[in-house]
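Could you walk me through this protein, one region at a time? Please keep it friendly and spell out the terms as you go.

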Amino acid sequence: MPRRPRPARPRVLVTRRLPQAVETRMAELFDASFNADDHPMTREELRTAIRDCDVFVPTVTDDIDATLIDEAGERLQLIANYGAGVNHIALQAARAKDIIVTNTPGVLTEDTADMTMALIVSVPRRLAEGEKLVRSGHWAGWSPSNMLGHRIGGKALGIIGMGRIGQAVARRARAFGLSIHYHNRHRLPEVLEAQLAATWHADLDEMLAKIDILTIHTPRNADSENLIDRRRIGLLRPHVYLINASRGGIVDEEALVEALETGKLAGAGLDVWQYEPRIDPRLLALPNVVMTPHMGSATFEGRIATGERVIANIRIWVGGDRPPDQILEGWV
């Protein structure tokens with residue numbers, strides 16, 4: 001397929017509000033349009049938008065499937081995703097039309113690891129329950145038997161996915177006295193394992209049976225969909241806490257609710273949801289679940305850095321070179 005000319009000032013369409021500094025810079029560099037009221041675009045709005053730009057900037061809330069890409073027309077040349085995950089974009093359909101897809105890896109590692117560590121502490125120590133008790137006005141004062149939770153020092157933390165975020169979580173968890181266990185497609189180099197004091201488990205099921213806290217840091221794709229299903233939840237011991245600040249859909253929520261309601265799991269800390277923003281009302285009713293609204297990456301610094309990465313990818317593409325964060329064949 002012949003290479004299409006790249007416009008010097010491309011028409012860029014952004015689907016959600018970005019930090020003001022990012023939008024201002026985009027407007028200076030490109031012919032940019034923004035979502036003024038930040039509403040999640042409907043499918044028809046996405047269809048209209050994707051037909052009217054050279055560069056499309058979606059986020060995790062936008063389902064950019066094969067049909068939308070097929071209907072985009074010949075003008076669209078670059079999908080510059082605002083975020084690291086691209087499971088919401090039909091990559092094969094984009095490649096078939098010679099549309100480049102980029103993401104923004106690495107910029108949210110520390111923010112997401114901080115949120116994960118906060119959930120790891122919050123659930124066993126019942127921080128959300130305690131906060132609600134104080135606000136309710138029913139707290140009767142200190143008591144030796146009141147609001148007892150569990151310390152995390154000395155416990156075994158299991159990490160699924162030992163990429164940038166998994167490693168950042170491991171570094172934090174070591175400081176809290178947790179022993180580190182991990183399951184990853186490939187084993188880390190021995191030097192890095194030694195630095196993290198991490199034990200690799202080639203068999204996920206074998207690791208699940210040995211840990212006290214489980215945290216998930218793997219992309220959502222065909223291999224990880226419902227990775228933690230009813231069978232694997234059954235391998236966890238009843239005192240285990242499950243933490244997910246990665247992607248909804250990696251954990252089978254129906255099975256998770258059942259395990260939490262019946263005492264087969266001690267609790268959960270969830271920042272992502274299978275059908276977000278809809279949340280199962282049974283989860284909302286459980287006191288042993290700490291819930292946050294997909295805010296693992298929600299820092300001013302992280303969101304600005306993400307926008308700067310999007311801008312860099314677009315500018316390098318305009319200049320005729322391959323964007324540094326292009327999603328290549330075989331990416332998962």
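**A run of parallel strands**

Strand 9 and strand 10 run parallel and are joined by four bridges. Strands pair if DSSP finds at least two bridges between them, while strands (E, at least two residues) and helices (H or I, at least four residues) are DSSP runs, numbered from the N terminus. Keep in mind that this is a predicted model: local features need pLDDT of at least 70, side-chain atom pairs count only at pLDDT 80 or more, and totals for chains, interfaces and linings use all residues. Residues are numbered from 1 along each chain as its sequence is written, and side-chain values use heavy atoms, with hydrogens and water left out.

**Strand 10 and its partners**

- Across from Leu242 in strand 10 you'll find Leu214.
- To get from strand 9 to strand 10, the chain passes through helix 10 (residues 230-235), and this β-α-β crossover is right-handed. Right-handed means that, with the strands pointing away from you, the path from the first strand over the helix to the second runs clockwise.
- Strand 10 has Tyr241 and Ile243 on one side and Leu242 and Asn244 on the other, and all are buried. Here, buried is under 20% relative accessible area, exposed is over 50%, and partly exposed is in between (1.4 Å probe, protein chains only).
- In a regular strand, side chains alternate between the two faces of the sheet.

**Strand 11, with a partner on either hand**

- Strand 10 (residues 241-244) also runs parallel to strand 11, with four bridges joining them.
- Asn244 has Leu270 as its bridge partner in strand 11.
- Another right-handed β-α-β unit is made by strand 10, helix 11 (residues 253-262) and strand 11.
- From strand 11 (residues 267-270), Gly267 and Gly269 point one way and Ala268 and Leu270 the other, and all are buried.
- Three bridges pair strand 11 with strand 12 (residues 289-291), again in the parallel sense.
- Gly269 has Val290 as its bridge partner in strand 12.

**Helix 7**

- Helix 7 (residues 164-175) has twelve residues, so at 1.5 Å a residue it should span 16 Å, and its end C-alpha atoms are 18 Å apart, which agrees. That expected span is 1.5 Å times one less than the number of residues.
- Its buried residues are Gly166, Gln167, Ala168, Val169, Ala170, Arg172 and Ala173.
- Among the elements covering those buried residues are helix 5 (109-125), strand 6 (156-160) and strand 7 (179-183).
- Just after helix 7, Gly177 takes a positive phi of about 85°.

**A buried threonine**

- Thr15 sits in the loop between strand 1 (11-14) and helix 1 (20-29).
- Is Thr15 buried or exposed? Thr15 counts as buried because its relative accessibility is 0%.
- The side chains of Thr15 and Asp62 are joined by a polar contact of 2.5 Å. A polar contact is a pair of N or O atoms within 3.5 Å; within protein, one must be able to donate a hydrogen and the other to accept it, and residues adjacent in sequence count only if both atoms are side-chain atoms.
- Leaving aside neighbours within four places in sequence, the residues in contact with Thr15 (heavy atoms within 4.5 Å) include Asn35, His39, Phe56 and Asp62.

- Met147 is not a glycine, yet its phi is positive, at about 55°.
- You'll find Met147 in the loop between helix 6 (127-136) and strand 6, and it counts as partly exposed because its relative accessibility is 26%.
- Ala197 also has a positive phi, near 50°, in a residue other than glycine.
- Ala197 lies in the loop between helix 8 and strand 8 (198-200), and its relative accessible area of 43% makes it partly exposed.
- Glu276 and Pro277 are joined by a cis peptide bond, with omega about 10°.
- Pro277 is in the loop between strand 11 and helix 12 (281-284).

**What the record says**

- UniProt lists residues 117-296 as "domain: D-isomer specific 2-hydroxyacid dehydrogenase NAD-binding" (unreviewed entry). UniProt positions use the numbering used here, feature names are shortened, and annotations may be inferred rather than shown by experiment.
- In the model, residues 117-296 are 35% helix and 16% strand, and the end C-alpha atoms lie 10 Å apart.
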